[in-house]
Amino acid sequence: MKLYPLQFEPILKERIWGGTKLKTFLNKPITSNITGESWEISTVENDVSIVANGIFKGKSLNELINELPEAVLGTKVYAQFGKQFPLLFKYLDAREDLSIQLHPNDELAKKRHNSFGKTEMWYVMQADADARLIVGFKEKSSPSAFIQNLNNKTLLHILDTKKVKQGDVFMLETGTIHAIGAGIVVAEIQQTSDITYRVYDFDRVDANGNKRELHLDLALEAINYEKIEAQRLYSKTENVSNEVVNCNYFTTNFIPLDGTTEINKNQTSFTVYMCVDGDFQLTVDGESYTYQKGDTVLIPASLTDFQLSGKASILEIYIS
């Protein structure tokens, strides 16, 4: 059967820090007031995306990949990863500050968890006045300084804080200590991994009075103690793909669409579009599909020529 642009049922996650913006801002079908994440495309174990549209509706992404690996993933992606889908796409709503955390690199994640590491990037879709992120250290640090400040409850004094606005992008290499601050909605693109080392959670407790688990012993070896610059600046030329991030794990472009643009690509990788503002139509093989803010669509690698039209801000993601 012929492939087409694929959307998936959102996998909604309640979080102690979550809120309601995934519904009010992104029109997700949440049912609680503490929904923090919408997993848009995932093959994480026990959280595998299910197709929501077309003739493959009800099939899992893994089933589709097993049946049509090169057509879905692309020749290069299939050669590199086999039948594993290598990326995870999410929207996050932080009503409260997230925990201060980090993710291990590929080597540590493979050794400890038989998993990919977790390189990720954030695109800020909405930010309340004075909303901030934590990304890395103000100055070069060390395990001993980190532990001392953690024990003295002065950890925030040595971490770098960034005030953010819509359109800001942050690239988080593995080992980067970070936290999304209250009042922010982000689109997140990352390796397929759910490995997080939480080091500080502001002494919060859940509805049952329990604190969440910390992972300090695992984290100390995984942290990058160097001062880094995580924010990425990028061009915003209309109707073209403006490169934002190009790393070993994914390339992300920003398309400020106002009118029509033709997309012509090869079959080496799938492409994912995340609509971060506005709405647009995608036309392929004589069929048109409509997307709005908060929608995510997977374009199988076998679809190489199509058209985007409308007025929207779009993230375009693939593997180079």
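Trainee: Which residue in E20 stands opposite Thr 252?

Mentor: That is Ile 317, and before we go further, please keep in mind that we are looking at a predicted model.

Trainee: OK. How many bridges join E16 to strand E20, and which way do they run?

Mentor: There are 14 bridges between E16 and strand E20, which covers residues 305–318, and the two strands run antiparallel. As background, strands of a sheet pair through backbone hydrogen bonds, and this can be parallel or antiparallel.

Trainee: And what joins E15 to E16?

Mentor: Strand E15 (residues 242–246) and strand E16 (residues 251–264) are joined by four bridges and run antiparallel. Together E15 and E16 form a hairpin, with four residues between them, and if you look for one of the paired positions, you will find that Glu 243 has Asn 253 in E16 as its bridge partner.

Trainee: What is the order of the strands in the open sheet of seven?

Mentor: The order is E1-E2-E5-E12-E7-E10-E14, and the pairing is antiparallel. E1 and strand E14 (231–232) stand at the edges with a single partner strand each, so one side of each has no neighbour in the sheet.

Trainee: You mentioned H5. What happens at the start of helix H5?

Mentor: Helix H5 covers residues 106–113, and at its start a side-chain oxygen of Asn 105 reaches to within 3.2 Å of the backbone nitrogen of Glu 107. After H5 comes Asn 114, which has a positive phi, near 50°.

Trainee: Let's change topic. Which residues touch the most other members of the largest nonpolar core?

Mentor: They are Phe 85, Tyr 123, Tyr 273, Phe 280 and Leu 308, in a core of 60 residues. Strand E17 (residues 271–284) gives the most to this core, namely eight residues. There is also a second, separate core of 20 residues, with Ile 100, Leu 159, Ile 177 and Tyr 200 among them. In general, nonpolar side chains in soluble globular proteins tend to be buried together.

Trainee: What is Tyr 123 in contact with?

Mentor: If we leave aside its neighbours within four places in sequence, the contacts of Tyr 123 include Val 169, Val 185, Tyr 234, Phe 254, Val 276 and Leu 315.

Trainee: And where does Ile 299 lie?

Mentor: Ile 299 lies in strand E19 (residues 296–299), and with a relative accessible area of 1% it is buried. Not counting residues up to four places away in sequence, Ile 299 touches, among others, Pro 5, Phe 270, Tyr 273 and Phe 306.

Trainee: Last topic, charges. How many salt bridges does the count come to?

Mentor: The count comes to 21 salt bridges. One of them is between Glu 37 and Arg 15, with the closest N and O atoms 3.1 Å apart. This pair links distant parts of the chain, since Glu 37 is in strand E2 (residues 35–41) and Arg 15 is in strand E1 (residues 11–19), 22 residues apart.

Trainee: Why does Glu 37 count as buried?

Mentor: Glu 37 counts as buried because its relative accessibility is 6%, and the cut-off for buried is under 20%. Arg 15, at 22%, is partly exposed.

Trainee: What about Asp 203, which side chain does it meet in a salt bridge?

Mentor: The side chain of Asp 203 meets that of Lys 153, at 3.3 Å from N to O. This pair also links distant parts of the chain, 50 residues apart. Asp 203 is partly exposed at 38% relative accessibility, whereas Lys 153 is exposed at 57%.

Trainee: Which residues are linked in a network of salt bridges?

Mentor: Arg 95, Glu 96, Asp 201, Arg 204 and Arg 212 are linked in that way.

How values were computed
Residues numbered from 1 in each chain as written. Predicted model: local features only at pLDDT ≥ 70, side-chain atom pairs only at ≥ 80, totals over all residues. Heavy atoms only, no water. Salt bridge = Lys/Arg side-chain N within 4 Å of Asp/Glu carboxyl O. Buried < 20%, exposed > 50% of the residue type's maximum accessible area, 1.4 Å probe, protein only. Contact = heavy atoms within 4.5 Å. Core = buried A, V, L, I, M, F, W, Y, C linked by side-chain atoms within 4.5 Å. Polar contact = N/O pair within 3.5 Å; in protein donor to acceptor, adjacent residues only side chain to side chain. Pairing = 2+ DSSP bridges.
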